[in-house]
Amino acid sequence: MTAAVREKELDLGGVPLGKGGQGEVFRVANRRINQQWEVAYKRYKPETRARLNVSVLRKMADLPAELDEADARWLCENTCWPAAVVEDDSGSTCGFLMRLVPRDFFVSAAGVERAAGLEFLLNPDEYLQRAQLPLPSTEQRLRLLAEVAEAMDRLHRLGIVVGDFSPKNVLYRMRPTPGSFFIDCDAMRLAGCDALPQVETPGWSSAAGEPIATQATDAAKFGRLATRLLAKEQDGFHADVLRRLLPELGQLADLSAHADPSRRPGPSAWTGPLREAARAAGTVPPPPPRPAPAPQTGTEQPAPSSAPQGASAPRPSGPNGTRKAGPAQPPAGKKPPPTVPTVRPRTLLRALGALVLLISIWFAATHSGAARTDASGSSAVGTTTQQDQEQGNGTGTGSPSPDGAQQQAAAIDQLLSQNDGTRSQVTDAVNDVDNCTSGGDLSNDVSALQQAAQTRQDLLSQLGALDVSALPGGDQVVSDLKQAWTESIQADQAFASWAQDVQNGSCGSSGADHTSNWDAADDDSRQATADKQAFVTVWTPIAQQYGLTVRTADQL
């Protein structure tokens, strides 16, 4: 099927199976791959066609014929790999044919048949129960991860890098045995070449400054998936969950987040330990895991270029932080390298400002500590006198005291605490709308998104009224947080408008359509995440100095 196919020769039935940022997907009634597998057609949007490297897409379609029979069959049985390019009447490439998603990679979510994306499993059991989805056991989750690792290793040996590796691009099944199926394959990198510009799903992005779409970035993202799938979390890095199952898995997770890409274990290193842990989990239940951290916040949505594959592409869970992943924990006490979906100039400038801020805080702490040590040699910095309170509030005379700075930092921390839970509220609502979990009645989700926007707006008003004159770097902290929350508010409002769009439309097997309001929310979410990273850079040393909660960008 490597010869080009004319679109007019395809029997598409008229109604697309799904729509995405790149185009639409149709079932093809009059074609078969290898005379046995059902076919889907992905028709690119005009703007996607303008970015398409046709020669690479053709090269991808030719690949199965160049492989030995076993590899070619495996590729077609486990992925939606391009099978043939499709041309319009003018001879211009307008899309490609691929295998239709097999039936055993579908689930019934709240009575609606959906492609079984791994993002379903990155949620607490309560979510799966609400969506009426089966609850996989720990053994099944481990065996599924082993299958994903084995598939990624085979792709790497074929010269294929997944690149935009995220739970929306990998489908799962649990019966008869755990298995995986890769979609969005035209976004993969073949022999160092791309059919479409490489993008990364927020929350699954590479470390800042690191080249994307390499075997090393695939390795890092698999480690992230392993920790989240066992922790049942959309975000963060949970190596301890794996460590409790098998110490070797914890070590692999730590190394997967190593700043040196050459130190990261490839997927093949995971398969043996995962299967060993699965066997143990099937006989002796592991000790109860400690409570997973509360869902973290940081708005992020699927990259606009991601499109449904086959019958329908699963969509990621979450916004305003939903796909935004917390920084991966590196080995043994090292702080993780920052991972920012989009690196912006002002974010880099703020990072430099943080260095100046660290020096200011150190100077204030060391000099104030020396001046306020009592005769016995114990520090009195932690105590507050009436004079200190007056000076810290701006009502006394003289320079603001360190305690005044601490009180002002605590006031910011209090606002951050009030924001706790807003992200999970937004994430749950967007996930519910996107997956049509409520079956079309989305009024509660619309209200939840509007309420989240109002909550942030109230916090923004309180933030503007804070006095930070005594806090070193306080003006920058407030400015960055204002910017981040402003972007988040806009994202919440756009998500609410999108939910209303879906409410007025319909929910089908392909889930909710991504309208222009979704696109606007996605853009605002990306900017909000970058701004939150900038805020965290300047806030973390202050929080550490005054013994306040240290937060990641995903928790804002």
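This is a predicted model: local features need pLDDT of at least 70, side-chain atom pairs count only at pLDDT 80 or more; totals for chains, interfaces and linings use all residues.

Visitor: Which residues make up α16, and how far does the helix reach?
Guide: Helix α16 covers residues 516-545. From its first C-alpha to its last it reaches 44 Å, close to the 44 Å expected at 1.5 Å a residue.

Visitor: Where does α16 bend?
Guide: The bend lies at Trp539 and amounts to about 35 degrees. A proline, Pro541, follows within four residues.

Visitor: What comes just after α16?
Guide: Gly547 is found there, with a positive phi of about 70 degrees.

Visitor: Let us turn to the strands. What is the order of the open sheet of six strands?
Guide: The order is β1-β5-β6-β4-β3-β2, and the pairing is mixed. The edge strands are β1 (5-6) and β2 (18-19), each of which pairs on one side only.

Visitor: How many bridges join β4 to β6?
Guide: Five bridges join β4, residues 37-44, to β6, residues 93-99. These two strands run antiparallel. Within β6, Arg99 stands opposite Val39.

Visitor: And what joins β10 to β11?
Guide: A hairpin does so, through five residues. Strand β10 spans residues 170-173 and β11 spans residues 179-182; they run antiparallel, with four bridges between them. Tyr172 has Ser180 in β11 as its bridge partner.

Visitor: Stepping back, how many helices and strands does the protein have?
Guide: Its secondary structure comes to 16 helices and 13 strands. The protein has 556 residues, and 56% of them count as buried.

Visitor: Among contacts between residues at least 6 apart in sequence, what share join residues at least 24 apart?
Guide: That share is 70%.

Visitor: What about the accessible surface of the protein?
Guide: The accessible surface comes to about 21800 Å², and 50% of it belongs to carbon and sulfur atoms.

Visitor: Finally, what is the mean pLDDT of the protein?
Guide: The mean is 79, and 76% of the residues reach 70 or more. Over residues 290-348, however, the pLDDT is below 50, although this stretch has 264 contacts in the model beyond near neighbours in sequence. Residues 364-401 also have a pLDDT below 50, and that stretch has 34 such contacts.

Note on methods
Residues are numbered from 1 along each chain as its sequence is written. Side-chain values use heavy atoms; hydrogens and water are left out. Buried means under 20% relative accessible area, exposed over 50%, partly exposed in between (1.4 Å probe, protein chains only). Contact means heavy atoms within 4.5 Å. Accessible areas come from the Shrake-Rupley method with a 1.4 Å probe; for residues, only the protein chains shown count as cover. pLDDT is the predictor's confidence in each residue, from 0 to 100. The expected span of a helix is 1.5 Å times one less than its number of residues. The bend at a residue is the angle between axes fitted to the seven residues ending there and the seven starting there. Two strands pair if DSSP finds at least two bridges between them.
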